[in-house]
Amino acid sequence: MEEQKKGIGKGELIALIVSSCIGTGIFGITSDVAAAAAPGPALLAWIFVGIGFLMLVLSLNNLSEKRPDLTSGIFSYAGAGFGPLGEFISGWSYWLSAWLGNIAFATMLMSSIGTFFPTFKGGQNLPSIIVAIIFCWLLTILVNNGVESASFVNMIGTICKVLPLVIFIIMMVVCFKAGMFTADFWGRVADNASKGTTTGSVWEQMKGTLMTLIWVFIGVEGASVMASRAKSLTAAREASLISFGILVVIYVLISILPYGALTRAELAGMGQPAIGHVLQATVGNWGSVLINVGLIISTIVSWLSWTMLPAETTMLVADDKAMPKIWGKVNVKKAPTASLMITAVLQTIFLFSLLFTDKAYEFAYSLCSAAILFSYLFVGLYQMKYSSAHQEWGQFTIGLLSAAFMFACMFLAGWQEVLLVSISFIPGFYIYYLACKENERKVTTAEKWTMALILILSVVAIWLVANGTIAIG
């Protein structure tokens, strides 16, 4: 029988994963999907992305069962398959993705608060940045006082923020008209382009939705990252599948049902948060108020989750000696204080950049999405390597599909974002060198070649930014 221990239970893990994924993206998904695709292609895109992320979840569950000794989750899988540098690249990418996502949360939070308090309108002025920094440090202090207690707060907050989404789904079912839903099912209406929507082949429409769909799934690996703090590995595996099923149902209903209540052109033209405007158009002003309140709660709770996850990441990677020990040092509450403080300082500095860019939210979440794909890719690759060695060809196929999906996402996400992420490894590899020196481990020839290749890409990225080929913000 699997040993039970004090820690985060299955219910709290489900809340953590659902909360991590249901952040700001879901509140804008209706208009983002409608602008790119008609109902038919949108449903096909959901099938494609749903299968891809299901392969990731199944890979994580299989590896947690077969390699329970690798308690650092997705990062230790990279380490087991590709050595300390593989683990560092996976952990560094995940950490970078997590706190860049927090910048996106900060921007959307202050923008939504600006709906009620004009001082914060737009979310990128000085008062907004100051309040966002205060939020950042309050959440950091909460997590620093104990990750398990913070996860309980997160579970309560998740219930509060899911409620408006459930009400939205119910209202869309009530308002649903089958004739409107099927009127332009495949997006063939010739004048769509003049109404803010795109036409084209089914594949072109599907491709236009993919980054939006990928963005809302980030966080689905949360139970694996927190597995070392779960009451049992079984609880972590079950939480992964249950939360994935909940997310798929919520996402599909929220993005697809509105096609039966309003025209595609009307949906595409909605301001943000889009689902608030949809409710306003169908049931009145109270719908907009409800959604904005839900968005504020959603963003704060998701920000809490993503304050926990990056700190947990660096702590686990440091425990495996792929980062310097200071990143894994914990306080009496077993929280990684140094990692939390370093991350909070970087977020504080980066928040001031919102004063100098017009597209902070889009820039932050596109980099966030590009960075985390590296961590996901390593999971699929190690699933393939482990399953091949043990002649488990069914599991090998799952890993192959997961890895192929992540490669496709990298390509569809755009080479610009991937190149920009490579710049972060300039300081990153210095930190890895310090970890090697601290643990008296030499950097191997293969590691040197790998780092050289990534650094060449980072130099190319800097050159393209300097000559204006890649625009920032």
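Reader: In which helix is the place of I349?

Author: I349 is placed in helix α14. Helices are DSSP runs of H or I with at least four residues, strands are runs of E with at least two, and both are numbered from the N terminus. This is a predicted model, in which local features need pLDDT of at least 70, side-chain atom pairs count only at pLDDT 80 or more, and totals for chains, interfaces and linings use all residues. Residues are numbered from 1 along each chain as its sequence is written, and side-chain values use heavy atoms, with hydrogens and water left out.

Reader: How many helices and strands does the protein chain have?

Author: The protein chain has 19 helices and 0 strands.

Reader: Is I349 buried or exposed?

Author: A residue is buried under 20% relative accessible area, exposed over 50%, and partly exposed in between, with a 1.4 Å probe and protein chains only. I349 is exposed because its relative accessibility is 56%. Its C-alpha atom is separated by 9.2 Å from that of I133, a residue 216 positions away along the chain.

Reader: What share of the residues of the protein chain count as buried?

Author: Of the 473 residues, 57% count as buried. As for the surface, accessible areas come from the Shrake-Rupley method with a 1.4 Å probe, and for residues only the protein chains shown count as cover. The protein chain exposes about 18700 Å², and carbon and sulfur atoms supply 70% of this area.

Reader: Which residues illustrate C-alpha separations across the sequence?

Author: E87 and M323 are 236 residues apart along the chain, and their C-alpha atoms are separated by 9.4 Å. E87 lies in helix α4 and is buried because its relative accessible area is 6%. I51 and L401 are 350 residues apart along the chain, with 8.9 Å between their C-alpha atoms. I51 belongs to helix α3 (residues 39-66) and is partly exposed, with a relative accessible area of 46%.

Reader: How is a pocket defined, and how much space lies in the largest pocket?

Author: The search uses a 1 Å grid over the protein atoms alone, with points where a 1.4 Å probe fits; a cavity is a set from which the probe cannot get out, whereas a pocket is an open set with protein on both sides within 12 Å along at least five of seven lines. Lining residues have an atom within 4 Å of a point. Grid points are joined across faces, edges and corners, and a volume is the space filled by probe spheres set on the points. About 520 Å³ of space lies in the largest pocket.

Reader: Which residues and helices form the lining of the largest pocket?

Author: The lining has 23 residues, and I89, F374, F378, T450 and I454 lie nearest the centre of the pocket. At least two lining residues come from each of α4 (74-113), α15 (360-389), α16 (393-413), α17 (415-423) and α19 (445-466). Helix α19 gives the most, with 6 residues.

Reader: What is the make-up of this lining by class?

Author: Ala, Val, Leu, Ile, Met, Phe, Trp, Tyr, Cys and Pro count as nonpolar, Asp, Glu, Lys and Arg as charged, and the others, Gly among them, as polar. The lining has 17 nonpolar, 5 polar and 1 charged residues.

Reader: How many disulfides are counted?

Author: A disulfide is a covalent bond between the sulfur atoms of two cysteines. The criterion is a pair of cysteine sulfur atoms within 2.5 Å, and the count comes to 0 disulfides. C368 is buried, with a relative accessible area of 3%, and C436 is buried at 1% relative accessibility.

Reader: Where does a positive phi occur in a residue other than glycine?

Author: Most residues other than glycine have a negative phi. K321 has a positive phi near 65°, and K334 has a positive phi of about 65°. K321 is found in the loop between α13 (285-319) and α14 (337-351), and K334 lies in the loop between α13 and α14. K321 is partly exposed at 46% relative accessibility, whereas K334 is exposed at 52%.
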